[in-house]
Amino acid sequence: MDRLRLQSKPPSNDDFTTLPLYRSAPSFEVRLEDFELYAIDRLRVLKAISDGLSRGKKPEEMDKLVFDLWKANMRHPLASEVINKDIISHFVLRLVYCRTEDLRKWFLSMETALFRYRFQREAAEVQKALMAELDLPYKAVRTAEFESIKDKLGQVARSLGQSLPTAGDIIYKVPFEEVPELVAGRRVFIHKGHAYVAKNQVVSLVATRFRSLLSKALILTNRKWTSTIREDEKDRLTPIVEALCTSYLGPDYSQSKEFAEISIKDIDQVAKSSFPLCMRHLFEKLREDHHLKHGGRMQLGLFLKGVGLNLDDALTFWKAEFSRKVGSERFDKEYAYSIRHNYGREGKRTDYTPYSCQKIISSTPGVGDHHGCPYRHFSEENLRAALFRMGVNGSAVEDVMEKVRNRHYQLACTLTFEAIHGSTYDVGVNHPNQYFTDSQKIQKAKGHSSA
Amino acid sequence: MAREEVENARDDMIIDGQMKGNGAFSNDFNPNLLKLYYGKLFPHADLFKWMSYGNDGKHPACDKSYFGRREFSFTLDNDIYVRFQSFYTLSELENSIKDKCPFKIDIGPVYSVDPAKRHAYAQSNDKVFTPVERELVFDIDITDYDDIRYCCSGADVCLDCWPLMTVAIKVVDTALRDDFGFNHILWVYSGRRGVHCWVCDAKARRLNNEQRAAIADYFRVYQGNENSNKKISLSGPVLHPFLARSYSEVLRDFFETKLLPCQQLFSDEERYEKILEMIPDESVTSELRGKWHSNKRSSNLKEDINCVRWEQLKHSLQSGKQKAQGLRRCVEEIVFSFTYPRLDMEVSKHMNHLLKAPFCIHPKTGRVCVPIDPIHCDEFDPTTVPTLSELFEELNRGGHKIDGIDEWDRTSLGESIRFFRSSFLQPLLKSCKEEMESSYTAKQRLANNSLSW
Ligand SMILES: [Zn+2]
C-alpha cells in the first residue's frame, strides 16, 4: 500500500492525520456494501466543499468546514478501518468520476481542495514526508541567498499584509511552474524563473503536484474503465458505480429536457421572463452592441444551448447580431466555427456543457467583458440598477445586497428569483439553466408562458 | 480542459475593421504585389528554421516529425479561412505559401500528431490529437485603450498613443526576462494597431494551460469589468516587487512626462472628472473640482495645465492630512489605469490560440509585421514601417538582382530580417542545439548504465 502511517500523531484529531496519497488502488478485501456506503459518505464531503467554495467562503471558514465534514462523514467505529474507508471511497469515486471531462474536472478540484485542507493540518514532519513522497525534493534557501533577496521577500509579505520573513524562516526555491496559483496571485517573489515559496505556502506546491498526479490517474482509470473494468465487473461494481452516478450527480443541463426547443422568435420574451441576471445582461449587451467578447460568447452561448436553442437557430441568432457589427462574411469566418464547436461539431467534437454558477462566479472578466456573475462582479450601483430593471425593488433589493456583501452570490440570485416569481425557491440557484427551467415551470403554472 | 480550448478564432480579428472585399484595399496593398512579396522577399527559410527549433538538423536527438506537427492556418483572398495545415519540409511550406498567397498566415501549436491527419486519430483512444508545445504568446492591442486615449479610436494609431504600446513592451519584456527567466523573446508589430510577443524558450513552449494562465494572471491588475467603477485595484500596504518596479522604472515617468501632456488628461471637465471618479474621498475631489472649475487657465502659461493639475491632485492625496493609505494608493491606481499594459488574456492562456506570423503583410495598411527590438522600442515608429508598395519601389529603384545577395537585402526589409536573425533566431538555435546535445548525452549515459548492469 502506498500510504503514509506515522506514529507521532497529535491525539486530538486522530482520524484526520493519516493522509494517503492514493498512489495505488487498495489491494485488501472490502465488503461490497461498504463500497457504496463509503463512496456516498465521501461524496457528501466533496459536495459540501463544492458548495462552500461556490459561496466564496474564506480559507479559514473552509478549513473548519472541511474538518467538520470529515469528522462527521468519514469516521468509522473501528479505528483501523478509518484509513481503509478513506482509500476505498476515493477509488470508488474515481470510477464514478473518471468518465467525462467535466466529471473529472469536478472531482479533481474537490479532491485537491480536500487534500489541501487536510495537509495544512498535518504536523511539520508529516508534511515533509509527504513532500518527499510526492517527489518534491526542494531544499530551503541558504542564509547567504536569503540575505540577498530579503528585501524583496519582505515586500511580497507586506503586499499580502503578512509579517516580514526573518533569517530563521524556511523559504523554498522552486521553478515557478510548480506553483501556478502563487504566481497567478503574485503571492511569491519570482526571480529568473524561480519562485521563493514561504513555509506556509508549501501547501500550494504540494496540492499542485497532488492534482497533476490525480489528473493523470483519472485518465488512466477512464481507459481501464472503458476497456476492462466495466465488463469484468458488470455483476459487481459496475451497477454500483452507475447507480452512484445517476442518483448523486446533478444534471449537467447539456440538453434541455423539458422544454426541448426554444425558437428564435420567442427568445426576447423568454430572456425577459426567465433568464437569470447574468444571462439577461449578456443577452441585452449583445442586442445593444452586436458583439460580445470570448468569455461572454461562451457563457451565453452554452446557456442558450442548454435552454434548447438548436445549432441552426444558434447560428442564425449570433449571426444576426454579429453581422451588424462585423459583417456576415467575417462572422462565418471567425465565429461560426466556435459556435459549431460548442455544439460538438468541430474540433474534439465534445458536447460542451453550460457553465455552472460556480464556474461563472470564479471567472475573471476584464476590460470590455460582460460575462461573470453580476452579484459578484458588478459595482453596487450597477447591480442595483440591474435589479431594478429586472423588477426587483424595495426591501428585496436590500436583502439581495446583504447577501452580496457577505459574498453569498448564489443566495443573492436565489432571492432575486423569489422576488421576481413571487414564490419561495428553497432549492437555491446552482446553475443558470436550473434557474431558467424552474422559472419556466412557474411561468407555465401561472398560465402566461409563451415558450 | 477541452472546454478551455474551445475557441481558436481570435476576438480581435473581428474588431479589426470590416473586410470590405477586394475593392477596398489601401494603396499600399494588393494581391498581385503580395504574390511577388511571397516570391521574392518573404523569409520562408527563417520561418522554417525558427519553427523547427533545431529539429531539422542531423543530430541523432532531432525529432524529425516536429515541424510537420505544427499547425499553420491561412486566410485566403476570398475570405476563406483554412485551418490545420501542416508541412514537412521548407519547400512544402514555401510552395504552399507562394501558391495560395494567403492574406494572413497564422501559427498554431505543435500537436501530438500531424494536424492535417487529425481525423484519422479522432476515434483511436491511444493517440489523442492534442497540442503538446506552443510558444507563450501575448497580444496587446491599442483598441483596448480606447477609454484613455483622446487622439484616436478604434484601429487608428498615432505617435501620441503608440507609446502606450512601447510601455507595454518594456513592462512585459522585463518581467519575462528578469522574473520568469526567459531569454528567447520576439516582439512583432501586428501591422496596424498593436504588438505580439512570442516567448520561445523550451521551457515556455512546454507550459501547460494552467501555467500559462498563471503567467497571464501575474500580469493582470485590471479587476473591474465594464460594470464596475474601478478598473484597477491595488491592494495591500505595498506593491508586489514586480508592480513596484514597473511603476518606478517605467509607468510613473511615462505618465507624467509623456501621457499627461500628449493626451491632455486634465484639459477639460469631462476628462478630469474621469480621473476624480477614481478617488473615493468626497472632500478631496470637491476641493480639486473647485480649484479647477473656477480657474480654467493656469496662471503660468508656460506650465502645462495637465501637469499642474496632476501635481495638485498628488499634493491633495499625499499631503499630511490624507494619511489614509487607500488615498495614497490612489495616485498609483490612476497611473496604472492609464499606463499599465492591457493584455488580451485569452490569447496567452491557451496553447491552441493562433497568432499571426511575423513578416506577414497587414491587408488594411499594407505594412509588414516587422520585429521590434525591445531594447530600442522607444525608437519604433509604426507610421514608418515599410509597406508592400514601398518595398517594391525600393526593389525597382535598386536595379537588377545581384547574384549572392538576397532580394530583401536591397529593401528596408533587410534591416528587419538581419535583426530577426542576429538578435533572435541565432541565439535561439544555439540554445536549442545545446539543449539537444545535453539531453542526448544524458540519455546515452542512462542507456550505457543500464547496459553495464
Ligand atoms: Zn493616437
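Which residue of β9(B) does V188(B) stand opposite? Select V188(B) and you'll find P371(B) across from it. Before moving on: this is a predicted model, where local features need pLDDT of at least 70, side-chain atom pairs count only at pLDDT 80 or more, and totals for chains, interfaces and linings use all residues. Residues are numbered from 1 along each chain as its sequence is written, chains are lettered from A and ligands numbered from 1 in the order in which they are written, and side-chain values use heavy atoms, with hydrogens and water left out.

Now show the whole sheet in chain B: four strands, ordered β5-β7-β6-β9, with antiparallel pairing (two strands pair if DSSP finds at least two bridges between them; strands are DSSP E runs of at least two residues, helices H or I runs of at least four, numbered from the N terminus). Its edge strands are β5 (136-141) and β9 (371-372) of chain B.

Next, hop to chain A and pick C278(A), C357(A), C373(A) and C413(A), which an unreviewed UniProt entry annotates as "binding site"; such annotations may be inferred rather than shown by experiment. They're spread over 136 residues of sequence, yet the largest C-alpha distance is 9.9 Å.

Zoom in on C278(A), in helix α12 of chain A. Is C278(A) buried or exposed? It's buried, at 11% relative accessible area (buried means under 20%, exposed over 50%, partly exposed in between, with a 1.4 Å probe and protein chains only).

Last stop: C413(A), in helix α21 (residues 409-421) of chain A. C413(A) is buried too, at 8% relative accessibility.
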